[in-house]
Amino acid sequence: MNAKEVKDRWPGFSLPSNYVGCFEPTSGVLKCEESIQTYQELAEYYGATILTNSRVKSVSISNGKVKIKTDDNSYHSEALVVAAGAWSGELASMLGLELPLTPVRKSFAWFQADEKLHHQNTFPAFAFETSQGIYYGFPSIDGAGVKVGRHDGGDSINPDVRLLAFGEKETDKGDLVQFLNEYIPNVLQLNYGKTCMYTRTPDEKFIIDLHPNYSNVAIAAGFSGHGFKFSSAVGQALSNLIISGKNDVDISQFSIKRFN
Ligand SMILES: Cc1cc2nc3c(=O)[nH]c(=O)nc-3n(C[C@H](O)[C@H](O)[C@H](O)COP(=O)(O)OP(=O)(O)OC[C@H]3O[C@@H](n4cnc5c(N)ncnc54)[C@H](O)[C@@H]3O)c2cc1C
């Protein structure tokens, strides 16, 4: 769509005339909390035991057997899958593997919407590639306001140190307001903001692979801010890797060896 077509369809946007848009009618927004809840219920239905608030403190392999230690317990197994987000690097290094993973602080916020323009039934989820950076967002869902965040940039952090809350950095709000000012101008009143972490790889592609030295250890990490939607497919790839060592889907682009 050219800029005029976008603005005619969604008057809530303001676009420079040389901008182009690509509308994906099949795209949408995932309700991530309900998704995680469902994954847990299904896993337990198929016999998984989920131990929350049980931090893994050490991982070791001897004679091909896996040993896991938490503060209160030890666990032994035939195989291991590491999918520990910002802490995957820490666990992988316990198995002698250094992964190029950088946890990064990300901030995003909800701004008061004009529900006539930005309601979930009339306004799309969006991503903008601008000269200042890559911004993404959602329409006002259940009256929460328009959600906006920036995909690129962010400070690298230690995931064990308290994550600065939204607003503790001046640019948290300022950066989003300058984007809104230019591209979604009727949305300026901040409702609230939040922060969380991306775990970036140098090429912003995922790591889904077996440990180079242990064929009974699979690792999934480095989702670089765009991995949630792939969770089911990644889960399937990991279980295939552990059970048969191979996948019908080509996952070679996610290999650890690409960083050698
Ligand atoms: C602001 C923001 C917006 C995003 N938007 C999108 C989006 O629109 N679409 C999309 O697809 N993705 C998006 N993402 C990315 C998505 O959230 C991540 O790619 C995805 O959640 C990564 O999943 P994960 O399982 O690797 O890590 P996590 O979800 O972080 O899970 C890792 C888990 O391991 C646990 N853990 C870590 N270490 C240990 C240990 N030693 N012992 C026990 N447990 C441990 C952690 O507590 C955590 O629960 C976004 C991320 C952010 C921050």
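Student: Which domains does the shell around the ligand draw at least three residues from?

Tutor: Domain 1 (3-32 + 103-200) and domain 2 (51-101 + 203-259) each give at least three residues to that shell. The domain bounds come from an automatic or database domain assignment. This is a predicted model: local features need pLDDT of at least 70, side-chain atom pairs count only at pLDDT 80 or more, and totals for chains, interfaces and linings use all residues. Residues are numbered from 1 along each chain as its sequence is written, and side-chain values use heavy atoms, with hydrogens and water left out.

Student: OK, which residues come nearest to the ligand?

Tutor: V56, C196, G227, F228 and K229, out of 19 residues around the ligand.

Student: What does the backbone of V56 lie 2.8 Å from?

Tutor: A nitrogen atom of the ligand; the V56 atom is a backbone N or O. G225 also has a backbone N or O atom 3.3 Å from a ligand nitrogen. A polar backbone atom of K229 is 2.9 Å from a ligand oxygen. A polar contact is a pair of N or O atoms within 3.5 Å; within protein, one must be able to donate a hydrogen and the other to accept it, and residues adjacent in sequence count only if both atoms are side-chain atoms.

Student: What area do the two domains bury between them?

Tutor: About 1,000 Å², with 60% of it on carbon and sulfur atoms. Buried area is the accessible area (1.4 Å probe) that two parts lose on being put together, summed over both. On the domain 1 side, D160, T199 and R200 lose the most, together 49% of what that side buries.

Conventions: A residue is near a molecule or strand if one of its heavy atoms lies within 4 Å of it.
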